[in-house]
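Here's a quick briefing on how two chains meet, plus a look at one residue. Have the viewer open as you read.

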2 protein chains.
Amino acid sequence: MTPSSFGDRLAAAVAERESQIVLGIDPHPERLWPLPAGATEDVQRRLSATLAAAREAAAALIADTAPGASGATRPEQEVRAATPAPEAPADLAAAATLAHCVALIDAAGPACVAVKPQIACFERLGAGGWLVLEAVAAHARAHGLLVIADGKRGDVPVTATAYAQALLTEVASPFGTVSGLRADALTVNPLLGRDALEPLVTAARATGAGLFLLVRTSNPGAGDVMDLPLQDGRPLWERLAALARELGDGAGDGLADVGAVTGATAPEHLARMRDLMPRTPFLLPGVGAQGGDVAALGPAFAPGPAGGLVTASRSIAEAHLSGGGQPGEAARAEAERLRAVAWGLARG
Amino acid sequence: MTPSSFGDRLAAAVAERESQIVLGIDPHPERLWPLPAGATEDVQRRLSATLAAAREAAAALIADTAPGASGATRPEQEVRAATPAPEAPADLAAAATLAHCVALIDAAGPACVAVKPQIACFERLGAGGWLVLEAVAAHARAHGLLVIADGKRGDVPVTATAYAQALLTEVASPFGTVSGLRADALTVNPLLGRDALEPLVTAARATGAGLFLLVRTSNPGAGDVMDLPLQDGRPLWERLAALARELGDGAGDGLADVGAVTGATAPEHLARMRDLMPRTPFLLPGVGAQGGDVAALGPAFAPGPAGGLVTASRSIAEAHLSGGGQPGEAARAEAERLRAVAWGLARG
């Protein structure tokens, strides 16, 4: 049984929630919301202790594995490196990050259609960070939010298959099926060409998930490569747009299941992008903290309200720093404000 | 105190070990070496049980976090999703993967100068996979091997900083400094332009680590984007080569600390690449299972024996499948064979 396509699922979710806002989740351990008083300290220590025990088990497993053909004795240094601290900063930070992300989703989630966890921010907390990423994705899903894993992955086909298994689907093992993150969509980097994207398209399509290809990003240096003119005088990003459109053509008549990351800091490109990709959902980063303006996004919504997803991260999570108030209340107000502006634009 | 540059460290390691071979570590849970009989089963269960306990702690932390402004009651579904299985396939597979990687490093490591763990293969095992990645990196380092994290990361500057912290350095937190993977080098994707690479260059240089920029990869579709001719008629990859050279210029007179991934399946490009990047270390994937031929790599070694690193993954780890014998013995023999061929070329 083929599941609904990502394009259809996205359109339905946007219509139901009357929102195109994507809550970017980019937690920095020094900019977390204050933890709820008292209540979480015990489980924070428990999470830290269990992760320390897992590291200890890994070290024991290394020690138990018979030396290979090298016959080398196991160096002292290695045992020390693998010996866990009882309360490692990484694990305490991971626990605090989880509490922050849950509070952020509870506060701003109702005004949003999706969350977009930035995988880098979880990876920098190590194994505990990945565990927290999984818990955050489950929490968002339980609240009816789509999960867009922001990983910008891209690699040769065999590795692209592994990333698809890690982030979108699952992988078989002798111990049973290993479930991946099962995100609803993943951001991907197209530099390696079409065959490097196809395993991701196939895996996504088979499970009703989607991709967002980098076409033109929102950072100041984005033009260094993506704006380079090709021989016909058109910039490279137009070729990437064509690739996104072609890869999304297999998904039926509605909104495509291969989207495009189209930086909101270059709004003059949006009309041209819409010409090149008529049915492609656009993921529009750069609103808020990165300097984009949500009112300039009109062309994104040409194929319908779900044609443009408006991402905001720091402008929501750090709304209390500029506007005052409780973090949760300020986040919710800012998310609601963005929701109303974008929804008004999409309604035309 | 500035540490030695990555270029100098790499040259010294290649000279000392008389090897340019990089052991690619791309474990698939269905193609692991047989586990050592009996010995590891207990710790395998222990690793699995501790990871399950960590997930339980994360679920408890979510339940303890006070609901935010939404006041939503916590759905049943979420509690079920976060409830850990006692022996999750992911965690058992992670433990078996660790045993495999340790045995592979013990067998083939002595013939190599570095290991190159493919991060996708660990991410698909979830939190336990990341824990195993950290343990594999520590094990390789303890055996005198450099660690090249193969992640092909690339994102806007704030996120590039997070990836640098995750994979090369560390991040500050209220709980103390959170150490990242501390790899010796990282593969990176240059599509997002120079400002997206600079945080990675800065972090790498400050710690004596290096980067390898994708310039021209080895997959069949690599030409779709990287070979596109620009207005001067030269392919895009030559522009990426110029970017790699410029970014590596800050590291002194020896071998640069910003390298290039230069697919070995397109050896006709290598001489031109060496002209464009005279002091850049080349990471040459595609040898062995991907079809490359190590004898065609001569130009890579023009700046010295460390100018070309020859990567092999499946051709080493699965040498016993074609040539017979014990996995460890076959892997060691194949790694030694590659070492001798490459070393002869570099001397030649």
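This is a predicted model: local features need pLDDT of at least 70, side-chain atom pairs count only at pLDDT 80 or more; totals for chains, interfaces and linings use all residues.

A salt bridge here means a side-chain nitrogen of Lys or Arg within 4 Å of a carboxyl oxygen of Asp or Glu.

**How much gets buried**
- Chain B and chain A bury about 9300 Å² between them, and carbon and sulfur atoms supply 67% of that.
- On the chain B side, Leu61(B), Phe175(B) and Leu191(B) lose the most area to chain A, together 8% of what that side buries.
- As for head count, chain A puts 111 residues into the contact and chain B puts in 111 residues.

**Polar links and make-up**
- The rule picks up six salt bridges across the interface of chain B and chain A.
- It also turns up 17 residue pairs in polar contact across that interface, both partners at pLDDT 80 or more.
- Helix α2 (residues 41–64) of chain B gives the largest share of the side of chain B that touches chain A, namely 16 residues.
- Sorted by type, that side of chain B has 64 nonpolar, 26 polar and 21 charged residues.

**A look at Ala13(A)**
- You'll find Ala13(A) in helix α1 (residues 6–17) of chain A.
- Its relative accessible area is 13%, so Ala13(A) counts as buried, the cut-off being under 20%.
- Setting aside neighbours within four places in sequence, Ala13(A) is in contact with Val113(A) and Leu146(A).
- Ala94(A) sits 81 residues from Ala13(A) along the chain, and 30 Å separates their C-alpha atoms.

Conventions:
Residues are numbered from 1 along each chain as its sequence is written. Chains are lettered from A and ligands numbered from 1 in the order in which they are written. Side-chain values use heavy atoms; hydrogens and water are left out. Contact means heavy atoms within 4.5 Å. Buried area is the accessible area (1.4 Å probe) that two parts lose on being put together, summed over both. A polar contact is a pair of N or O atoms within 3.5 Å; within protein, one must be able to donate a hydrogen and the other to accept it, and residues adjacent in sequence count only if both atoms are side-chain atoms. Helices (H or I, at least four residues) and strands (E, at least two) are DSSP runs, numbered from the N terminus. Ala, Val, Leu, Ile, Met, Phe, Trp, Tyr, Cys and Pro count as nonpolar, Asp, Glu, Lys and Arg as charged, and the others, Gly among them, as polar. Buried means under 20% relative accessible area, exposed over 50%, partly exposed in between (1.4 Å probe, protein chains only).
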